[in-house]
Amino acid sequence: MFDSLSDKLQSALGDLRKKGKLDEESISRAMREIRLALLEADVNFTVVRDFVASVRERALGEEILKSLTPGQQVVKVVHDELTKLMGEGESGLAFGKFTVILLAGLQGSGKTTTAGKLALHLRKQGRKPGLVAADLQRPAAIDQLEQLGKQILVPVYRTDTKDAVEATRSGLERARSEGLDTVIVDTAGRLQIDEDLMDELERVRDEAKPLNVLLVVDAMTGQEAVNVALAFEERIAFDGVVLTKLDGDARGGAALSVLAVTGRPIKLASLGEKLDALDWFHPDRMASRILGMGDVLTLIERAEAAIEDEEKEELERRMMKGEFTFDDFLSSYKMIRRMGPLQGVLKMIPGLGKQMEGLDQVDEHQLKRVEGIVLSMTPHERRVPHAIDASRRKRIAAGSGTTVEQVNQLLEARKQMAKMMKMVGSGKMPQIPGVAAGAPTIVGSKPKPSATRKASSKRKKRKARR
């Protein structure tokens, strides 16, 4: 979502990063570009004005101008201000003995799906969630919620009534009697100008007495989301925002404007269509990603969630010994797939974002083709790759719809991977493909002369003596 804004901000700050000394003119030029980038990202005008003024004031301070790396310091200032704009620190949910979470929002903002995602998210954290169907306006909304409940193994409470307040009361009573500790109430989507529905939402809130009222906002609406948030704030005083469709091509205006205008933080963000694609919103990590610094902490958390401890230890032990079989490859591939789309995973690695410029989409079909080749092998061949002779290679190629040459390339790649892992396990630095032999391994060191050059040098010296 932030790709366009990220590119423009990095471009605006690019010249400053390289400069050893800053002056007011260069900072003013950068501030103009940052202002334009934020306005084009559909960020609220008042928010942009205050943001640029704050960055400019800090960038022109004595501490920055007299530092050894003023350009880098300005980048840090922009990072800090972006973090402050989206909310410093993680803003979680409040929990009690029996916690009620009320979801509100416009029609089509994704409340029902968000209810399912949030229930799964909380169940993974050890809570016992339930879903109450209080959306009686949209046809099939209750059926959709029940289908989601079945997928994530969470009970859904529906009531045959046309009164949302009665449906809420009944659902909460049943959830409490069944020993649940968290209930998510899915309300009907409404327009902020629809007085009757807004009144109904107030009555549902009064009945549910929620510890958390969350406004579900579609990130694709840009700064219009701020106007929506203000209208809901007047009526139900929500505690925080859930941003949906952050994986879309929206320009980022909603994420950067909501807190500054409403004073309510973004608590959770939905980053995909799958039910597990909901996570806590971390302003500092999002600021790092916008500025092309990667997001190592989220990457680690996703990896830990995708890999079982026993599986990880066994794979580590085998790889350190150089025993990288095709079974290990399949395990690694499945772990990566569980971490999310490959494009998104790669962008979290610091420095890779810039290298991926010009690549609209990472070709995941190549990985699927490789998986097809591996799955065409017998269990014995996957465990003992050395047993794959010429006739077996032909059979594997035919079974996977590839060529013998592609099978050979995969076998060679596995061999190189096993060799590199073995070197790492023994404490040696592996030779990276593409780096010329004899290249310096330590910055500033000079490559040692080859044996041929040494011999040539000795011959020249002998001739000179004669």
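A: What follows is a walk through the sheet, from the chain as a whole to single residue pairs.

The model is a predicted one, and its chain holds 22 helices and eight strands. Of the 466 residues in the chain, 45% count as buried, and among the contacts between residues at least 6 apart in sequence, 73% join residues that are at least 24 apart.

The eight strands form an open sheet with mixed pairing, and reading across it gives the order β3-β2-β4-β1-β5-β6-β7-β8. The edges are taken by β3, residues 156–157, and by β8, residues 278–280, each of which pairs on one side only.

Within this order, strand β1, residues 99–105, runs parallel to strand β4, residues 182–187, and five bridges join the two. One place to look at in this pairing is L102, which stands opposite V185 in β4. Helix α8, made of residues 164–177, packs on the sheet, where it touches β1, β2 (129–134), β3 and β4, and its direction makes about 160° with that of β2. Helix α9, residues 195–208, also packs on the sheet, touching β1 and β4, with a direction that makes about 170° with that of β1.

A further detail concerns R176 and F98: the charged end of R176 sits over the ring of F98, at 4.1 Å from the centre of that ring. For pairs of aromatic rings, by contrast, the count comes to zero under the rule that ring centres must lie within 6.5 Å.

Turning to β7, which spans residues 266–270, five of its five residues are buried, so this strand is largely enclosed by the rest of the structure. Burial here stands for a relative accessible area under 20%. Strand β6, residues 240–244, pairs with β7 in the parallel sense over three bridges, and in that pairing I266 of β7 is the bridge partner of V241. Strand β8 is joined to β7 by three bridges too, but these two strands run antiparallel, and here A269 stands opposite D279 in β8.

Taken together, β7 has a parallel pairing with β6 and an antiparallel pairing with β8, while β8 itself is one of the edge strands. Elsewhere in the sheet, β1 and β4 form a parallel pair, and both of these strands are touched by α8 and by α9.

Notes:
Residues numbered from 1 in each chain as written. Predicted model: local features only at pLDDT ≥ 70, side-chain atom pairs only at ≥ 80, totals over all residues. Heavy atoms only, no water. Helix = DSSP H or I, 4+ residues; strand = E, 2+ residues; numbered from the N terminus. Buried < 20%, exposed > 50% of the residue type's maximum accessible area, 1.4 Å probe, protein only. Contact = heavy atoms within 4.5 Å. Pairing = 2+ DSSP bridges. Axes fitted to C-alpha atoms, helices over the stretch in contact; angles between N-to-C directions. Phe/Tyr/Trp six-rings, centres within 6.5 Å; stacked < 30°, edge-to-face > 60°. Lys NZ or Arg CZ within 6 Å of the ring centre and 35° of its normal.
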